[in-house]
Amino acid sequence: MANRLIDRIQVFYDKLEKMSKGKEAAIVCCIFSVLVYGVVIGMGTLTSGFHLVDDWEFAQYIDWMTLDGKSLWECLRQAVGFDLTLRFRPLYYINRVLMTAVFGTNLTAVSVVKASEIVAALVLLYYCARQMKCNMVYAALFALTVMVGYQSAVWWKLGPQESYDIMMFALGFYLLLKWLGTDRKWYAFASVGAFFLMSIYKEPFILLLPFVGLYVLYEEMQGGRVSMRGLWAAIRRRLPYLVAIGILFTVEMFLIVFVIGTNNYSYVGLDESVTLDQYVQAWSTAAHADLKWYVRFGIVMGLILLTYWEQTKKLIWEVLLAAAIIVPQCVTYSKTAIAERYILPCVLGFAFFFVIVGCNLRPLSGKRRIVYMLSLLLMLAAHGRVVLREAHYFTYRGESIKTALNSTLELVSGTDKKVLSCFGPNLEGNKTMYHWFRIHGYDEVFYWEEDLHKINRSFGPREDEQAAFDEIDVIVMYNKEDRHWCYEPSLDLSDFTEHICGTITMYVRNDA
């Protein structure tokens, strides 16, 4: 019975493979577009507005350009210059300022661009798999395994850089595969260019460059015995490309380590102050949280592959390539472990081994093949449920913030009433309040410092100005439904009326 099912599936595969390239491209683009836009439109994330994290920068740049009168060039220089004192993401801030110049605070338009990046990434990942000799079904599984799961937060969150970077990696890798298949030099030049743009957008993606170099050697040596002579011959044949990738990696890592410095990356890297038990606890938590489905189904699929021991023990190169992606990312996030958007690009290694390599392992057949494929499909189903749940929360939170901001503005606009923002220690929440209200013509927002029990301006030219609590007319804070909630401000709210706006609570003074 298992063999009959396999035969029918194979017939289905054969029919798909006879499809014309143009028809295949149209179907693939259509399916991925419907998937991504179906989620962001259907779940409402596309129009959910500000979220008090990352996207406050759009309001800041509009503030700079309109109220402070800064030119586009001045905004670019200030944003990029400041980031280079902390991180190495110059292209990210160039893109962010330019997007603001084009769309302003129309976050729906920005969300459409973000979703388009995801569609492009899925399509490019699909064609990467096709270039690696996968059939259409495996290629689709590869793309979906990479992009569907807790990491799908990058489909709708406007701050994360991973959507752009995974798209550029997929483009660079596709061009690399085309070059290796055709030897047309322009593919090699374009590939290096794509990897360069990827690497200056977010630092962890720089760590994919060694994988790129190793993959070039892997392709050159496939079918041949691994030896020093063969390795050296492969290096000589592809030396210019390997040198270009090596220089890119070395220069950027030198800038991060010796020029910008690593002290600002408090959540990444190894740390002598962190004990082994703490590392173990962090990864144990991740394995039972955002990584749980990869762990559980990965164990099942790994055990199935091990039943073909004589064949799997020959997959040394493939294991090395997967490790070249996964291990650097795990070391980078060793203190906090990998979760949500940080699953990208680590999951590329998982998908490469279990989809590209595992599904194409020749001896894999019969009932074991059915269980293996079923494991991949069940993992995607579990991750699909995660996508819908996380998208729903994102929309709910966005609508909550939108209601609170608009309701507060309606109460205080055109008056001298004062607003108290209690989003600390989430500084980004407070910054959203500062810039959003300024660009809407109101500049009387103060900020509560719980540790000092003090009310300050905190931002702008009047940052040292303080206010007494009895001067405050409206208070805005998280409630326990918001994932950023961490404490109840120690304020006497007896003279205020509570208004709950989803995950945000407003308190309005009774005589206001």
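In the predicted model, Leu-420 is positioned opposite Phe-446 of strand S2. Strand S2, spanning residues 445–449, is paired with strand S1, residues 418–421. The pairing of S1 with S2 is parallel and extends over 3 bridges. In general, the strands of a sheet are paired through backbone hydrogen bonds, in either a parallel or an antiparallel sense.

Both strands belong to an open sheet of 6 strands, arranged in the order S3-S2-S1-S4-S6-S5. Pairing within this sheet is mixed. Its edges are formed by strand S3 (454–456) and strand S5 (496–501), each of which pairs on one side only. From one strand to the next, the twist averages 25°.

Two helices lie across strands of the sheet. Helix H18, comprising residues 366–412, lies across S1, strand S4 (472–478), S5 and strand S6 (504–509). The angle between helix H18 and S6 is about 15°. Helix H19, comprising residues 427–439, lies across S1, S2 and S4, and its direction is at about 170° to S2.

A nonpolar patch is found on the surface, formed by Val-295, Ile-299, Leu-303, Leu-306 and Trp-309. Together, these residues present about 490 Å² of accessible area. The greatest contribution to the patch comes from helix H14 (residues 292–306), which supplies 4 residues. Val-295 is located in helix H14 and has a relative accessible area of 33%, so this residue is classed as partly exposed.

How values were computed:
Residues numbered from 1 in each chain as written. Predicted model: local features only at pLDDT ≥ 70, side-chain atom pairs only at ≥ 80, totals over all residues. Heavy atoms only, no water. Patch = residues over 30% accessible without salt bridge, like charges linked within 9 Å, V, L, I, M, F, W, Y side chains within 5 Å. Areas by Shrake-Rupley, 256 points an atom, 1.4 Å probe, with all protein chains shown as cover. Salt bridge = Lys/Arg side-chain N within 4 Å of Asp/Glu carboxyl O. Buried < 20%, exposed > 50% of the residue type's maximum accessible area, 1.4 Å probe, protein only. Pairing = 2+ DSSP bridges. Axes fitted to C-alpha atoms, helices over the stretch in contact; angles between N-to-C directions. Contact = heavy atoms within 4.5 Å.
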